[in-house]
Amino acid sequence: MMLSPEQTDSDLPWSQSDAETMLNDIKVGCITDEPMEGEGKTKSLAPQTLSREEKRRRRRATAKYRSAHATRERIRVEAFNVAFAELRKLLPTLPPDKKLSKIEILRLAICYISYLNHVLDV
């Protein structure tokens, strides 16, 4: 659209000042932390300061952390099972090689310790 010599900027539907105002509003809207229309999330170009919990959550989300955690858990469970196996070897059962669950091992150990206490008291 070309301007004729008798037209001024104010005669146009969009003047230069309107375009600059609109551009500034868009820039300011992108930088503020206010939610944009239709969105519950905030848009911010500034670096975010994360809470301690959020930093921990993000650190735990990495594949390296999950792999290390899985390895530690596997070692812990293995040590737990070895301890139950050693306790199981000390308990008398018929037949001696009978497979017992962990709760059965604990209950049998409690009964056996009570029996040994009773034998010592007599």
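1. Aromatic pairing. Rings of Phe, Tyr and Trp count as a pair if their centres lie within 6.5 Å. By this rule, the count in this predicted model comes to 1 aromatic pair. The partners are Phe80 and Phe84, with ring centres 5.0 Å apart. Their planes stand at 70° to each other, and the pair is edge-to-face. Phe80 and Phe84 sit 4 residues apart in helix 3, about one helical turn. Phe84 is buried, at 11% relative accessible area. Phe80 is partly exposed, at 41%.

2. Overall fold. The protein chain has 4 helices and 0 strands. Read from the N terminus, the elements run α-α-α-α. The chain has 122 residues, and 7% of them are buried.

3. Confidence. The mean pLDDT of the protein chain is 77. Of its residues, 61% reach 70 or more. Helix 4 has the highest confidence, with a mean of 96. Helix 1, residues 16–31, has the lowest, with a mean of 53. Where pLDDT is low, predicted coordinates should not be read in detail. Please keep that in mind for helix 1, given its mean of 53.

4. Side chains of opposite charge can pair when their charged atoms come close. The structure holds 5 salt bridges. One of them joins Glu53 and Arg57, at 3.9 Å from N to O. Is that contact well inside the limit or close to it? The cut-off is 4 Å, and the Glu53–Arg57 distance is 3.9 Å, so the pair qualifies within that limit. Both residues lie in helix 2, residues 52–60, and are 4 residues apart, about one turn of the helix. Glu53 is partly exposed, at 39% relative accessibility. Arg57 is partly exposed too, at 48%.

5. Arg58 pairs with Glu54, and their closest N and O atoms are 3.2 Å apart. How far apart are Arg58 and Glu54 in helix 2? They are 4 residues apart, about one helical turn. Arg58 has a relative accessible area of 45% and counts as partly exposed. Glu54 is partly exposed at 25%. Buried means under 20%, so Glu54 does not count as buried.

6. The network. Which residues are linked in a network of salt bridges? They are Glu53, Glu54, Arg56, Arg57 and Arg58. The Glu53–Arg57 contact and the Arg58–Glu54 contact involve members of this network.

7. Arg76 and Glu73 form a salt bridge, with the closest N and O atoms 2.8 Å apart. Both lie in helix 3, 3 residues apart, about one turn of the helix. Arg76 is partly exposed, at 48% relative accessibility. Glu73 is partly exposed, at 34%.

8. The loop between helix 3 and helix 4. Pro95 is found in this loop. Most peptide bonds are trans. The bond from Leu94 to Pro95 is cis, with omega near -10°. Thr93 lies in the loop between helix 3 and helix 4 as well. Is Thr93 buried or exposed? Thr93 is buried, because its relative accessible area is 15% and the cut-off is 20%. Thr93 and Leu108 are 15 residues apart in sequence. In space, their C-alpha atoms are 8.9 Å apart.

9. The largest pocket. Its volume is about 150 Å³. The lining consists of Asn81, Phe84, Ala85, Arg88, Lys98, Lys99, Leu100, Ser101, Lys102 and Ile105. Helix 3 (63–90) and helix 4 (102–121) are the elements that give two or more residues to this lining. Which element provides the largest share? Helix 3 does, with 4 residues. By type, the lining divides into 4 nonpolar, 2 polar and 4 charged residues. Phe84 links two points of this note: it is one of the pocket-lining residues, and it is a partner of Phe80 in the edge-to-face pair.

How values were computed: Residues are numbered from 1 along each chain as its sequence is written. This is a predicted model: local features need pLDDT of at least 70, side-chain atom pairs count only at pLDDT 80 or more; totals for chains, interfaces and linings use all residues. Side-chain values use heavy atoms; hydrogens and water are left out. On a 1 Å grid over the protein atoms alone, a cavity is a set of points where a 1.4 Å probe fits but cannot get out, and a pocket is an open set with protein on both sides within 12 Å along at least five of seven lines; lining residues have an atom within 4 Å of a point. Grid points are joined across faces, edges and corners, and a volume is the space filled by probe spheres set on the points. Ala, Val, Leu, Ile, Met, Phe, Trp, Tyr, Cys and Pro count as nonpolar, Asp, Glu, Lys and Arg as charged, and the others, Gly among them, as polar. pLDDT is the predictor's confidence in each residue, from 0 to 100. A salt bridge is a side-chain nitrogen of Lys or Arg within 4 Å of a carboxyl oxygen of Asp or Glu. Buried means under 20% relative accessible area, exposed over 50%, partly exposed in between (1.4 Å probe, protein chains only). Rings of Phe, Tyr and Trp (its six-membered ring) pair if their centres lie within 6.5 Å; planes under 30 degrees apart count as stacked, over 60 as edge-to-face and the rest as tilted.
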